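Here is a short briefing on domains, a sheet and a helix pair. Keep the coordinates open while reading.

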Amino acid sequence: MTDDLRFVGGSYPVHDVAQKVTGELVYGSDFSLPGMLHAKLVLSAVPHGIVKRIDVSRAEALPGVVKVFTCFNSPMDRFCRARIHPGQDLATHDETLFSEHVRFVGDRVAAVVASSRAVAEAGAALVEVEYEELPPLLTVEVALAREDVPIHPAGNVAYEFEVEKGARPDLDGAVVVSSSTTTPRTHHGALEPHVCIAQGFTSGGMTVWTISQGAYAARTVIAELLHLEYHRVRVVKVPMGGSFGGKTEYIVEPVVAFLAHALRRPVKLLLDREECIAATMVRPATATTIRTACSASGELLDFEAASTLDSGAYASSTPDYSIHMCKKVTKLYRLPHYHHRSRAVLTTTPVGGAARGWGAPEIAAATEIHMDRVAAALRMDPVEFRLKNLVLPHDTDLVTGLPLGDARVRECLERGAVAFDWAARRARPAGRGRYRRGVGVACGAHKNGMFGAFPEASNMALKMNEDGTFELSASLHDPGCGVVTTMKVIVAEVLGIHPDLIAAGEADTSTTPFDYGTYGSRMTYVVGACARATAEKVKTRLLAAAADLLEEPVERLHVVDGTVRVREDDERAIAYRDIALLSGMRHLPEISASLTYYAVSNPASYSVQFAEVEVDCATGLTAVTDFLAVGDVGRAINRGMCEAQFQGAVQMGIGYALYEHVDIDAAGRSGVDGFKNYHMVNAPDMPDVQVLLVEHDGDDGPFGAKSVGEIATVPTAPAVVNAVNNALDTQLSDLPLTPERVVAALAAKSGEA
Amino acid sequence: MELLLTVNGSLYEVNVHPTARLLDVLREDLGFTGTKEGCAEGECGACTVLVDGKAVASCVMLAVQARGKEIVTVEGLARDGELDLLQQKFVEYGAVQCGFCTPGMLMSAKALLLANPVPSDQDIRVALAGNLCRCTGYSAIIAAVKAASGQEATPLMELPGAAEELAAEVQTDPDTLAAAREAAEKIAGLGPAPHGEA
């Protein structure tokens with residue numbers, strides 16, 4: 001099949017690259033409208049309390065300040081920032097535009113709207129807020145212990161989930177290993193801060209320009225909050241500078257929409273970095289304990305786990321996140337028995353929610369650090385141990401009961417071990433001096449859309465223009481990783497023309513068909529399959545038109561390089577341009593089609609990653625010196641960007657393993673207020689990342705393609721942690737492995753010796 | 001205060017507050033929004049511009065400090081509709097994803113190549129140390145800068161422009177076209193087509 005592919009598997013830049021290198025592209029933060037006002041939020045200075053009084057008089061007296069909105073003069077309807085459909089069951093409506101009961105440092109208390117950003121900022125500094133403080137509940141343990149201090153009326157447990165599958169086996173003589181792993185609260189680190197622009201019209205309708213990952217999803221939150229019928233709220237996706245999950249949910253959109261609607265003016269809210277870190281959303285901190293039992297020969301018999309997730313001040317998507325932490329291990333390992341409890345616990349800390357991988361990097365860290373300990377207990381090589389237990393192609397996921405599809409995780413591990421020269425590197429001594437080397441491996445699994453858990457479908461329309469080029473109408477949301485290009489390549493492959501001859505835009509609820517948005521690793525597998533099916537339908541119409549013009553039966557025709565050709569008679573071919581021109585003379589509908597595609601499966605995507613590290617035992621600093629990422633992506637639609645996804649994901653995963661954490665101090669404040677104290681890996685510290693893609697047919701994605709963006713970062717952190725533990729002969733499992741933690745572990749070890 | 005600034009080869013007179021940041025004057029007063037703001041503390045590099053040929057974070061420079069100096073923003077790289085070689089290589093090597101760091105990366109890389117026309121990989125990494133990217137993992141960016149310095153690097157992306165060549169190739173041969181036109185006229189006279197989608 002691969003040989004027949006003309007465009008799929010090539011390498012293409014992101015669709016708007018030409019405007020990005022010139023600076024011409026207007027991002028959300030660059031966007032402005034005539035008469036536009038600017039908003040600045042006033043955020044809670046206390047981690048937990050009741051707002052007793054807000055004095056806005058000095059702010060409103062400032063020339064240029066239009067109005068100050070607070071919890072005392074704004075609607076207090078509750079909404080769920082993570083809701084994507086009004087029919088959705090799992091959605092916690094616990095948030096208001098402004099809070100009277102403030103639940104973390106950074107909770108929204110008021111917004112100052114003014115003629116300029118500078119005036120709005122000056123006005124915000126003049127708003128005086130009086131709080132009656134409540135006990136802060138800054139950790140999961142404290143929040144669980146203090147049931148007498150409910151953060152929300154329903155208590156401090158946002159969600160509990162438990163799954164048990166298979167029969168509890170006889171563990172007589174089994175090797176039992178326990179571990180406990182924690183992962184940090186982190187900042188997504190998209191370079192463009194959160195921004196939203198909304199224009200309220202006198203008539204009551206409005207337009208919202210969002211950099212979010214779901215325009216329709218944003219609309220369901222905004223319209224209901226403002227009591228507007230959906231058709232009066234137009235939400236348009238504008239170019240965004242990265243998301244990584246941080247812009248999945250609707251955090252600034254409801255506020256800006258409300259301000260613009262209330263004032264019947266255009267209003268822009270652009271957050272600064274400190275606000276992005278503390279007051280939007282973080283990757284939730286987690287803690288997982290695992291106890292496994294293995295036969296002496298290394299077959300896993302039992303997997304028992306308990307995970308706790310710090311939801312922060314609002315449930316957001318953390319209930320679903322906690323469910324998903326229980327749905328990854330059985331995509332990876334064959335287990336006779338699996339039991340996993342998880343719970344999402346509210347605390348008075350920054351809100352946790354969607355982050356690249358949606359629970360998978362968190363549980364992969366716990367699982368894969370654990371599996372290295374099991375291998376050590378069995379005195380087996382980590383690769384050899386995993387090969388005894390990884391799933392086989394076409395196994396069934398024990399938890400979901402869904403087929404895993406053509407699951408090639410073993411192939412990833414086997415080919416990766418060869419490419420990385422694993423056996424030789426693992427055998428090399430770590431050294432006994434100041435600098436010690438080690439290698440580590442980790443596996444990860446993720447999903448392909450929401451099939452099996454949520455109605456999973458997409459809609460598109462595709463038409464041929466009068467000159468034979470094409471327009472794809474779809475609600476795409478490109479966070480910057482090439483979603484639009486992916487769709488163009490898929491359509492191009494079906495229609496036999498270069499992707500550059502296909503236009504595809506992004507979501508606009510007034511013109512593009514319904515789609516949930518860019519999340520759940522659903523873009524390539526589900527939305528891409530929709531693009532393929534829609535293009536196939538258009539191709540059928542194109543061939544029918546060509547059949548009439550060439551006076552040939554459809555069966556004899558095929559598409560090649562922008563023409564419809566007669567098989568075995570290559571001389572007879574008609575260019576798309578001429579089909580478009582001549583078919584117009586038939587007074588028939590244009591060559592176009594629209595389609596609803598329903599997903600039919602949800603296989604697993606896999607990645608296996610290998611890290612080599614050098615640890616400085618004196619300073620505790622770890623350098624990642626070499627890295628290989630192997631991915632079972634089914635088929636690379638856009639090879640260059642597929643590889644680039646892994647390279648970028650490894651940057652994020654190394655940060656997760658070694659550097660990135662947003663800690664909350666005893667006063668409830670974030671210890672991080674900018675990139676100066678939040679370290680993301682920069683160019684000198686990044687290793688050269690080799691990428692190896694495992695490709696095959698056999699799943700239902702377009703041309704066999706599966707998801708890549710999220711899975712790419714799933715096993716990175718545990719691969720690095722396992723390498724450090726290999727180098728130092730330690731059992732580090734609290735991420736990130738900061739120099740302090742590494743030095744402490746070494747000190748504890750020398751204390752033992 | 002009145003201030004004369006030279007940006008991308010043109011002279012501008014602006015009226016700025018003495019504490020105005022160069023970044024705000026470029027973006028808000030002069031409309032050069034290609035220069036981005038990611039952190040406001042000189043850490044992320046998205047706001048990097050050239051000041052007298054050196055890479056500067058414009059979020060931590062006062063506009064008045066740029067008086068009398070030559071400022072170049074990302075908008076000043078392309079000349080007469082032709083992309084600068086660095087821009088071309090960023091496209092060809094897939095060095096751009098979300099693109100928000102791209103203007104700053106380009107300007108830091110430009111400053112590097114002005115000072116060191118044949119940089120090593122390590123020179124490039126160090127020159128870009130103050131420019132954060134969350135999408136690419138930096139490899140493609142480093143390769144693009146290397147390629148722009150004339151050193152060997154393997155291109156990654158299919159170049160834009162292939163489409164024009166492809167489109168030009170596509171011509172219906174005159175006999176087939178004449179027959180098709182006749183067929184179309186015939187169908188038009190017959191009403192709904194045999195394959196009638198309607």
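Angles of 65 to 115 degrees between axes count as roughly perpendicular. The model is predicted. In chain A, helices α15 (residues 523-550) and α16 (residues 576-583) pack at about 75 degrees, so α15(A) and α16(A) are roughly perpendicular to each other.

**Helix pair**
- The axes of α15 and α16 of chain A lie 10 Å apart.
- From α15(A), A:L542, A:A545, A:A546 and A:L549 meet A:I579, A:L582 and A:S583 of α16(A).
- Six residues of this contact are nonpolar, one is polar and none is charged.

**Domains**
- Chain A is divided into domain 1 (2-24 + 452-598), domain 2 (31-134 + 194-270) and domain 3 (286-448 + 601-752).
- The C-alpha centres of domain 2 and domain 3 of chain A are 36 Å apart.
- At their contact, 17 residues of domain 2 of chain A touch 18 residues of domain 3 of chain A.
- The domain 2 side of that contact has six nonpolar, five polar and six charged residues.

**Sheet**
- Seven strands of chain A form an open, mixed sheet, ordered β3-β5-β1-β12-β9-β10-β11.
- Its edge strands are β3 (65-70) and β11 (233-237) of chain A, each pairing on one side only.
- Neighbouring strands are turned by 20 degrees against each other on average, direction ignored.
- Strands β1 (residues 37-43) and β12 (residues 266-270) of chain A pair in parallel over two bridges.
- A:L37 has A:V267 in β12(A) as its bridge partner.

**Helices across the strands**
- Helix α5 (residues 215-225) of chain A lies across β10 and β11, at about 145 degrees to β11(A).
- Helix α6 (residues 253-263) of chain A lies across several strands, including β1, β3 and β12, at about 25 degrees to β9(A).

Conventions: Residues numbered from 1 in each chain as written. Chains lettered and ligands numbered in written order. Predicted model: local features only at pLDDT ≥ 70, side-chain atom pairs only at ≥ 80, totals over all residues. Axes fitted to C-alpha atoms, helices over the stretch in contact; angles between N-to-C directions. Helix = DSSP H or I, 4+ residues; strand = E, 2+ residues; numbered from the N terminus. Parallel < 35°, antiparallel > 145°, perpendicular 65-115°, else oblique. Contact = placed C-beta atoms within 7 Å. Nonpolar A, V, L, I, M, F, W, Y, C, P; charged D, E, K, R; others polar. Domains from an automatic or database assignment. Pairing = 2+ DSSP bridges.
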